[in-house]
Amino acid sequence: MNFEKIGKPNIISILSRRNSVTPAALAQVEGYWEALRDDALVPPRSAINPRGIEDALEYAFILECIAPGIARFRLAGMHLNDLMGMEVCGMPLTAMFIPDARSSIAEVLTEVCACPQVSQLFLKAERSIGRPALEARMLLAPLTDDFGEVSRILGCLQSEGSIGRQPRRFSIAEIRNRQLAPEQRETPVLQERQPAGFADLHRHNAGEGESKRPNAARPALRLVASND
């Protein structure tokens, strides 16, 4: 039997499938976030209703960005507490990452709010005694605050594997970003209305000016000559 011919494609196929399939909790949270966008670029934090992601609440969280690259947990599901072995609300998101990965997660947080963009992170936890193999996926999607600023993030973190007996922190294996473009239909409307408005104003002013001038087709003075 030719193992090289059968084994190699099978390994590639399995890895490809694992990377392409979105965990159920992440899919639900992202779908809910997309539904809230409606015609807006970024949905507001005030629109979030826990009932909309009821099956994913255990894995969901909301971050408050307090400075570029720095965000802390405002709300968090029990799964995140289990991973850290403690209550995570009030903690910075970077606390869930190993030191070498913290600059990368800070950069992602900055871009999610500034671009804005939706980011998915493929994570791997450190392994040691009491900490078996553990992988996870994280979703970060921007939200606006009460002032319309993008300073909140709706997130989801779902892991695969045993958490173990020790707190878990992650490294970043891969980052996938999706930048959000403004609604295309809005830009042409603004571009069309402004020139048309100026053109109408010009024509209107020109018409008013012409009505105040003598008619060019009629002479202002007429010379009447008589040969009688």
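Cys 156 counts as buried because its relative accessibility is 0%, while Cys 89, at 33%, counts as partly exposed. The cut-offs behind these words are under 20% relative accessible area for buried, over 50% for exposed, and partly exposed in between, with a 1.4 Å probe and protein chains only.

Some ground rules apply throughout. The model is predicted, so local features need pLDDT of at least 70 and side-chain atom pairs count only at pLDDT 80 or more, whereas totals for chains, interfaces and linings use all residues. Residues are numbered from 1 along each chain as its sequence is written, and side-chain values use heavy atoms, with hydrogens and water left out.

Helices and strands are DSSP runs numbered from the N terminus (H or I with at least four residues for helices, E with at least two for strands), and two strands pair if DSSP finds at least two bridges between them.

Going through the pairings, strand 1 and strand 2 run antiparallel over 6 bridges, and Phe 61 has Ala 76 in strand 2 as its bridge partner. Contact here means heavy atoms within 4.5 Å; axes are lines fitted to C-alpha atoms, for helices over the stretch in contact, and angles run from 0 to 180 degrees between N-to-C directions.

Since 10 of its 11 residues are buried, strand 4 is largely enclosed by the rest of the structure. Toward strand 3 there are 6 bridges, again antiparallel, with Lys 124 standing opposite Glu 135 in strand 4. Toward strand 5, the antiparallel pairing extends over 11 bridges, and Ala 141 stands opposite Leu 154 in strand 5. Strand 4 and strand 5 form a hairpin with 5 residues between them, and Gly 148 in the turn shows a positive phi of about 85 degrees.

On to the nonpolar cores, meaning sets of buried Ala, Val, Leu, Ile, Met, Phe, Trp, Tyr and Cys residues joined through side-chain atoms within 4.5 Å. In the largest, which has 31 residues, Leu 63, Met 96, Phe 97, Met 138, Leu 140, Leu 157 and Phe 170 touch the most other members. The elements giving two or more residues to this core include strand 1 (60–67), strand 2 (70–76), helix 3 (78–84) and helix 4 (102–114). Helix 4 supplies the largest share, 5 residues. A second, separate core of 19 residues counts Ala 25, Ile 48, Ala 60 and Val 118 among its members. Leaving out residues up to four places away in sequence, Leu 157 has a list of contacts including Tyr 59, Phe 61, His 79, Leu 80 and Met 138.

Glu 64, in strand 1, counts as buried because its relative accessibility is 13%. The Glu 64 side chain makes a polar contact with the side chain of Arg 74 at 3.1 Å. Such a contact is a pair of N or O atoms within 3.5 Å; within protein, one must be able to donate a hydrogen and the other to accept it, and residues adjacent in sequence count only if both atoms are side-chain atoms.

The peptide bond from Cys 115 to Pro 116 is cis, with omega near -20 degrees. Pro 116 sits in the loop between helix 4 and strand 3 and, at 8% relative accessibility, is buried. The C-alpha atoms of Pro 116 and Pro 142 are separated by 6.9 Å, although the two residues are 26 apart along the chain. Asp 38, in the loop between helix 2 and strand 1, has a positive phi near 55 degrees despite not being a glycine; at 63% relative accessibility, Asp 38 counts as exposed.
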